[in-house]
Amino acid sequence: MKRFLHIISLGCLLAMSACEIPFEIEQEGQPKIYVQAIADQGVGVISIKPRYATPIGQEPLEDVDYEATLEINGENVPLTGGGPNPFLCRHTLSEGDEISVKVWADGLPAAEGRTTMVPTPVITDMTWEEVQADTILATRVHLTLQHAPQEGEHYAIQIMVRTSITYLDGNTVEYLSYTVPGYALTAAESGVLNLEDFLQVNYSHGSSLGGEEYQPLTLLEMKHFKGNEYSFYLNSYDQYLLEALRENMPEEDTGIAGGGIASGNTGGQLPGGGVPIDPSRIPIGMKTTYFFYMYRLSSEFYYYAKALYQSNFDFLSNMGLTPANFTYSNVRGGLGFVGAASCAAPQELVIEEPLIGENAYL
């Protein structure tokens, strides 16, 4: 948090020393195709989502008849979908596969991009223990990879939570939500909280990156690993801190913001999905199942996701103190990215807690 406050202080100093930072925005240009193409080995899907990118001052077009081709290792592969929906291809993907995408439409230049399928991470072990600190009972998780991440390799983690509430009448209700990894167990540790540890964008498996549905994907760098081990907390202090910041953000803000902060209802509150417990029934037990999805990302995926995160929450630019961050692209003739992701998941973590009785959680 101190680091966060230092950045705000720096912004105030910049505001006092310079009323404006002049830079020009080119308003002339031709429309282009923005394409987001993701090859996700985990679900065996390649998704190609084109959109019409309009220069400033021009009216956008909604109904555009796109065409697309997909090549895997130089061979044309058929696509389904199109129109208002993404182009899709279900295909078994392997490490080293070369994937090329081309999208075009009448009156627009063709947009082309390529990527290479990255190796799938191998998780050899998952261990966990409960850790008590002050009033917080957190869970520390250790994921061990077969391969220690190296400089220039890119990883990410996504944590899905299934919460089952059992009621006194015998009925059980399940909720799905998402959470993010924590690194600060106590308030004292949060004093050195680095928001760079919470680079997050929403990611729907094999579908889209940066959507409105709260499915945070946390980007990881080599510094987050100790050799081949990645450790993090569930229910830690920094997660509560980020949740408090999220609840106080303006409702009109959208997307993932600094420190993984998304405004509005994230669906992460227990018992899940932001849905309140029916007061006419008495909950007596809760079972929480955590699913850890460890991703290896291609460079194109990682750099685009990081740029997307920065564009969603670049508060110095929003205050007019610095030029805006512009989105990374590896698409020739257009905008967007073509990237790849491979996913592995260890055995899920299940925690059961009584809600009434001597050892009740609540």
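Student: How many helices and strands does the secondary structure of the protein chain come to?
Tutor: This is a predicted model, and in it the secondary structure of the protein chain comes to four helices and 22 strands. Among contacts with a separation of 6 or more, 69% are between residues 24 or more positions apart.

Student: What makes strand 2 largely enclosed by the rest of the structure?
Tutor: Strand 2 (45-53) has nine residues, and eight of the nine are buried, so the strand is largely enclosed by the rest of the structure. Strand 2 pairs with strand 1 in the antiparallel sense over nine bridges, with Lys32 standing opposite Ala53. Strand 2 also pairs with strand 6, again in the antiparallel sense, over four bridges, and there Ile48 stands opposite Phe87.

Student: How do you know that strand 1 and strand 2 count as paired?
Tutor: Pairing requires at least two bridges, and strand 1 and strand 2 have nine bridges between them. The two strands form a hairpin with four residues between them, where Gly44 takes a positive phi near 65°.

Student: Which residues touch the most other members of the largest nonpolar core?
Tutor: That core has 26 residues, and Ile48, Tyr66, Leu70, Val101 and Val103 are those that touch the most other members. Strands 1, 2, 3, 6, 7, 8 and 21 each give two or more residues to this core. Leaving aside neighbours within four places in sequence, the contacts of Ile48 include Leu70, Val101 and Val103, as well as Val35, Leu79 and Phe87. Apart from this core lies another, of 23 residues, among them Tyr203, Leu209, Leu217 and Tyr302.

Student: Why does Cys343 count as buried?
Tutor: The cut-off for buried is under 20% relative accessible area, and Cys343 has 17% relative accessibility, so Cys343 counts as buried. Cys89 is likewise buried, because its relative accessible area is 4%.

Student: How many disulfides does the count come to?
Tutor: A disulfide would need a pair of cysteine sulfur atoms within 2.5 Å, and by this rule the count comes to zero disulfides.

Student: Is Arg296 buried or exposed?
Tutor: Arg296, which lies in strand 20 (residues 283-297), has 13% relative accessibility and therefore counts as buried. Not counting residues up to four places away in sequence, Arg296 touches Val118, Pro119, Pro121, Glu153, His154, Tyr155, Ala340, Ala341 and Ser342.

Student: Why is one side of strand 9 and of strand 16 left without a neighbour in the sheet?
Tutor: Four strands form an open sheet in the order 9-10-17-16, with antiparallel pairing. Strand 9 (123-133) and strand 16 (225-226) stand at the edges and have a single partner strand each, so one side of each is left without a neighbour in the sheet.

Student: What makes strand 16 and strand 17 count as a pair?
Tutor: The rule asks for at least two bridges, and two bridges join strand 16 to strand 17 (residues 229-234), which run antiparallel. The bridge partner of Phe225 in strand 17 is Tyr230.

Conventions:
Residues are numbered from 1 along each chain as its sequence is written. This is a predicted model: local features need pLDDT of at least 70, side-chain atom pairs count only at pLDDT 80 or more; totals for chains, interfaces and linings use all residues. Side-chain values use heavy atoms; hydrogens and water are left out. A nonpolar core is a set of buried Ala, Val, Leu, Ile, Met, Phe, Trp, Tyr and Cys residues joined through side-chain atoms within 4.5 Å. Buried means under 20% relative accessible area, exposed over 50%, partly exposed in between (1.4 Å probe, protein chains only). Contact means heavy atoms within 4.5 Å.
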